[in-house]
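Let's take a walk through a protein model together. Keep the picture open while you read.

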Amino acid sequence: MAEPIRVILDKCVGCGLCLKVCAYDAVSLVDKKAVINERCTVCGACVGVCRYDAIEIERRPFKGQDVENYAGICLFAEHRRGKLSSVVLEIIGAARELKKELDRSISAILVGDKVQGMAEELVAFGVDEVWMVEDPSIGDFDEDVQSDLVTKILLEKKPEIFLGGGTILGRSLLPRVAARILTGLTADCTELSIDGDKKLLRQTRPAFGGNIMATILCGGHRPQMATVRHKVMKEAQALAGHQGRIEKLDLPILKPRVEVLEFVEEKMDTVNLAEADFIVSGGRGLKDPKNFALIEELARSIGGAVGASRAAVDAGWIPYSHQVGQTGKTVNPTIYIACGISGAIQHLAGMKGSDIIVAINSDPSAPIFTTAHYGIVGNLFEVVPEMIKQLKE
Amino acid sequence: LKIVVCIKQVPDTTNVRINPETNTLMREGVDSIINPFDMYALEEGIRLREKHGGSVIALSMGPPQVESALREAISLGVDEAVLLSDRAFAGADTLATAYTLARGIRKIGKADVILMGRQAIDGDTGQVGPGVAENLGLPHITEIRKIEEIGEDKSIVVERLLEDGYVRLKTSLPVLLTVVKEINEPRLPSLKGKMAAKKAEIPVWSAADLELDTQRIGLTGSPTQVMKIFTPPRPSGGKIFEGDVQSTVAQLIAALRDAGIAIGQKKGEA
């Protein structure tokens, strides 16, 4: 078999940069030219650092793999600051539904520092096998290092399906993994099922700001990969007495190329729109930035987060991290209360997945009322305080 | 600095309508625009050049008409533009697109910073950026809201938006960054820019111009297949509560509680 990575000798100037970035001591200089030895894992770090395009990776010829050799449903066990992300339970829930149709085991890939406890938690919720790499050098924000480990585990274990969260980490890490394995990846799915005789993963997702839905298959490549939109699938409940195997894998860990200087948490209670069950959003109808205090008060009274329309953010009334919609966040809370938001298509794109949408607007012809499940036509400066008052009673 | 900004031409969704009879998306008569997130990437690229010197190159893959998006990029202040266009590229999913763009960036050569928007508003995937980085063997950081500084030593410090806050990260060039709206406020085209856009020659590179594996581009190189596209059921319209403020609010809260939502009854669980 031809070597998958090669040095183009007439381009190499022998600068040695590739030696410095290699985590495997797989490059040396011989006669002022880089030479790659058998320790190379084809991670690509040297390709990226070379300023002379002198190192090239020859990927496998692009055709479907032997799909029969792949079995099982695997998921990426995302975690932050020592806790499994809540999307993981939702993915386990989805995987357990798929397992009914597919009759395959559920596995999870868990990489990070001090993750043993999370491995046990995964098993308790129905994961049959956990493939774990535990090492203090694996950082929370290190897609580079994590995607390398995930790729290696997938290539070795060969699951037919690999699912991750449609979170900031998942949507950053999985595309890297898919590009390295050369398989299909479907973003931000809202529905997963098993299709027909070939038992393929049927992946349904919104596109075009939720105006259309597309169902996507990946027939010839494995694993079939998808990220799953947060807060759409039902969280798995713990399975009493479920037994699983935790396998600790000993894999080389890349040197991180990205260094974390500082993590700054924003006030959890009103900003974390991704996790919030209740969201109260304000728009242009608030008329003045200080009126966001009213929105905040209502949000606080129901334990919810504060959202905003683009108009309110562009006016500088509230930071961008609160923006819901096409150029902001996509949210799926249980209740979304839109106050003084007209409901432009771009705003609807970000919140139409909410279970219940409530609109409060003085204009009865505002488009928000066509999407809302419940509406009050009225002055929000009267309606919102009344809501706060009645909710306190 | 050599900065490459990847942009995508997308239909302007402000004008997208749903055909009420067929319940399908009506794309006809819809203008094409530069993907809004890519406008922030272009602006950031231009700002980096203004601060650090160098050049900004806009790159796009798509049918010949995408040239107009690239001209617009030049009118905003980009120095050069390149279009990757070939029938063989058509039908590319995110994997094949990332591969093709990466080959284009490679041909441009020696990029220090590659910028993209966090996602395109038609596909909404956000997968191409990390995919390009992987193909180039570069690190990538998504959801950038601020580039704090680029040092003499080619180090770069950025702020990345997360679900529950943000993180400051440091890496070294070259790097691929995807940006969010918060990063800047895009400028309007200048008169000089418009003149430059009119005159600019935009090279079109076909598959034959890029060193690439033809098995990995376009439809052939795309593992995912769209099985069907449908329009989600429209909401049937909701209940509008009538009456004075006190009564409408009472009805609303009752309706929510009837729907099984413990609103205002149980606090503090977010």
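A salt bridge is a side-chain nitrogen of Lys or Arg within 4 Å of a carboxyl oxygen of Asp or Glu. By that rule, chain A and chain B share 10 salt bridges. One of them joins the side chains of Arg80(A) and Asp164(B), at 3.1 Å from N to O.

Before going on, a word on where this comes from: it's a predicted model, where local features need pLDDT of at least 70 and side-chain atom pairs count only at pLDDT 80 or more, while totals for chains, interfaces and linings use all residues. Residues are numbered from 1 along each chain as its sequence is written, chains are lettered from A and ligands numbered from 1 in the order in which they are written, and side-chain values use heavy atoms, leaving out hydrogens and water.

Back to where the two chains meet. The size of an interface is often given as the accessible area lost when the parts come together. Here, chain A and chain B bury about 8700 Å² between them, with 58% of it on carbon and sulfur atoms; that's the area lost with a 1.4 Å probe, summed over both parts. In terms of contact (heavy atoms within 4.5 Å), 97 residues of chain A pair up with 98 residues of chain B.

Now look at chain A by itself. Its secondary structure comes to 12 helices and 22 strands, where helices are DSSP runs of H or I with at least four residues and strands are E runs of at least two, numbered from the N terminus. The C-alpha trace spans about 80 × 50 × 40 Å along its principal axes. Of the 393 residues in chain A, 61% are buried, meaning under 20% relative accessible area (1.4 Å probe, protein chains only).

For a residue inside chain A, find Leu173(A) in helix H6, residues 170-181. Why does Leu173(A) count as buried? Because its relative accessibility is 0%. Leaving aside residues up to four places away in sequence, Leu173(A) touches Phe76(A), Glu143(A), Gln146(A), Ser147(A) and Val150(A).

Finally, hop over to chain B, where Ile183(B) sits in the loop between strand S12 (175-179) and helix H5 (191-199). Ile183(B) counts as buried too, because its relative accessibility is 11%. Beyond residues up to four places away in sequence, its contacts include Tyr40(B), Glu44(B) and Ile144(B). Tyr40(B) is 143 residues from Ile183(B) along the chain, yet their C-alpha atoms are separated by 7.0 Å.

How values were computed: Buried < 20%, exposed > 50% of the residue type's maximum accessible area, 1.4 Å probe, protein only. Buried area = accessible area lost by both parts, 1.4 Å probe.
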